Amino acid sequence: MARLTGTRTEAEQISKLAKSAGGQADVWLDLDASEDNLDSRDVAKYRVVHIATHGLLNAERPQFTGVVLLS
């Protein structure tokens with residue numbers, strides 16, 4: 001699957017919104033946007049976690065429906 005276009009810009013805009021509202025934001029891009037990086041964090045401290053993913057829908061075989069993470 002191809003990388004999702006626009007996700008870098010989307011992440012940067014979300015970060016700016018959080019900071020302008022007085023919050024903070026950790027932005028993980030490219031190889032830092034990994035399951036291992038997420039697992040190593042205490043995500044309970046975050047109010048919002050935004051993850052850009054691919055979604056797959058298989059109406060004929062729903063067991064093959066899911067979310068795809070790419071790196």
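**The largest pocket and its setting**

Modeller: Nearest the centre of the largest pocket are Asp 26, Trp 28, His 50, Ile 51 and Ala 52, which belong to a lining of 37 residues. Two elements, α1 and α2 (35-39), each give two or more residues to that lining, and α1 provides its largest share, with 7 residues. The model is predicted: local features need pLDDT of at least 70 and side-chain atom pairs pLDDT 80 or more, while totals for chains, interfaces and linings use all residues. Residues are numbered from 1 along each chain as its sequence is written, and side-chain values use heavy atoms, without hydrogens or water.

A pocket here is an open set of points on a 1 Å grid over the protein atoms alone, with protein on both sides within 12 Å along at least five of seven lines; lining residues have an atom within 4 Å of a point. The volume of the largest pocket is about 1,300 Å³. By residue class, its lining comprises 20 nonpolar, 9 polar and 8 charged residues; Gly counts as polar.

Helix α1 spans residues 7-20 and contains Ser 15. With a relative accessible area of 8%, Ser 15 is buried (under 20%; exposed is over 50%, with a 1.4 Å probe and protein chains only). Leaving aside residues up to four places away in sequence, Ser 15 touches Ala 25 and Val 27 (heavy atoms within 4.5 Å).

In the chain as a whole there are 2 helices and 2 strands (DSSP runs of at least four residues in H or I, and of at least two in E). Their order along the sequence is α-α-β-β. The loop between β1 (54-56) and β2 (66-68) holds Pro 62, which counts as exposed because its relative accessibility is 54%. From Pro 62 to Ser 40 the C-alpha distance is 31 Å, across 22 residues of sequence.

The C-alpha trace of the chain spans about 45 × 25 × 20 Å along its principal axes. Of the 71 residues in the chain, 7% are buried, and Ser 15 is buried as well. Among contacts with a separation of 6 or more, 34% join residues 24 or more positions apart.

Note on methods: 1 Å grid on protein atoms, 1.4 Å probe; cavity = no way out; pocket = protein on both sides within 12 Å on 5 of 7 lines; lining within 4 Å. Points joined across faces, edges and corners; volume = space filled by probe spheres on them.
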